[in-house]
Amino acid sequence: LSPPEPQERSGIVAFTPGDASVNVDKIAADLESQDIIIAVRNGRLRVSPHFYNKPEQIERFLAALP
C-alpha cells in the first residue's frame, strides 16, 4: 500500500494480509510477544524499518509473519 513512486517513498511500509479475514490486531500482538514491534493503522500493518535495523532483524520479522 506504500507508494511505489520514488519521489513518494518513505521508510514506513504499510500492508494488509493477503487474507481479508485475518485479524491484524492479533498479528501485531503475536509479533509483539516475539519482541517485534509494529503498529496497526486503519486496518493495515505498519512497519518502520530503518537504518538502525540489522538485516537479521528484518529477516526475523518476515519469518514471523503468518
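Student: Where is the place of Asn-42?
Tutor: Asn-42 lies in the loop between E2 and strand E3, which covers residues 44-47. Please note that this is a predicted model.

Student: What is phi of Asn-42?
Tutor: Phi of Asn-42 is near 55 degrees, which is a positive value in a residue other than glycine.

Student: And does Asn-42 count as buried or exposed?
Tutor: Asn-42 counts as exposed, because its relative accessibility is 75%.

Student: How many residues are between E2 and E3 in the hairpin?
Tutor: There are 2 residues between E2 and E3 in that hairpin, and Asn-42 belongs to the turn.

Student: In which sense do E2 and E3 pair?
Tutor: E2 and E3 pair in the antiparallel sense, and the pairing extends over 3 bridges. One example is Val-40, whose bridge partner in E3 is Leu-45.

Student: Let me step back. How many helices and strands does the chain have?
Tutor: The chain contains 2 helices and 3 strands. Along the sequence they follow the pattern β-α-β-β-α.

Student: What box do the C-alpha atoms fill?
Tutor: Taken along the principal axes, the C-alpha atoms of the chain fill a box of roughly 35 × 25 × 15 Å.

Student: What share of the residues counts as buried?
Tutor: Of the 66 residues in the chain, 17% count as buried. The accessible surface of the chain comes to about 5,100 Å², and 53% of that surface belongs to carbon and sulfur atoms.

Student: What about contacts between residues 24 or more positions apart?
Tutor: Such residues account for 54% of the contacts in the chain with a separation of 6 or more.

Student: Back to the strands. How many bridges join E1 to E3?
Tutor: E1 and E3 are joined by 3 bridges, and these two strands run antiparallel. Phe-15, for instance, has Leu-45 as its bridge partner in E3. Leu-45 is also the bridge partner of Val-40.

Student: Tell me about Phe-15. Which strand is the place of Phe-15?
Tutor: Phe-15 is located in strand E1. Phe-15 counts as partly exposed, because its relative accessibility is 22%, and a residue must be under 20% to be called buried.

Student: What separates the C-alpha atoms of Phe-15 and Val-47?
Tutor: These C-alpha atoms are separated by 8.5 Å, while the two residues are 32 residues apart along the chain.

Student: Which residues make up the covered face of E3, and which the uncovered one?
Tutor: Leu-45 and Val-47 form the covered face of E3, whereas Arg-44 and Arg-46 form the uncovered face.

Student: Now charges. How many salt bridges does the structure hold?
Tutor: The structure holds 1 salt bridge. In general, side chains of opposite charge can pair when their charged atoms come close. Here Lys-26 pairs with Asp-30, and their closest N and O atoms are 2.8 Å apart.

Student: Where do Lys-26 and Asp-30 lie relative to each other in helix H1?
Tutor: Lys-26 and Asp-30 are separated by about one helical turn, because they are 4 residues apart in helix H1, residues 24-32. Asp-30 counts as partly exposed, with 34% relative accessibility.

Student: Where is Asp-35 found?
Tutor: Asp-35 sits in the loop between H1 and strand E2, residues 39-41. Asp-35 has a positive phi of about 60 degrees although it is not a glycine. Asp-35 counts as exposed, because its relative accessibility is 65%.

Definitions and conventions:
Residues numbered from 1 in each chain as written. Predicted model: local features only at pLDDT ≥ 70, side-chain atom pairs only at ≥ 80, totals over all residues. Heavy atoms only, no water. Buried < 20%, exposed > 50% of the residue type's maximum accessible area, 1.4 Å probe, protein only. Contact = heavy atoms within 4.5 Å. Areas by Shrake-Rupley, 256 points an atom, 1.4 Å probe, with all protein chains shown as cover. Salt bridge = Lys/Arg side-chain N within 4 Å of Asp/Glu carboxyl O. Pairing = 2+ DSSP bridges.
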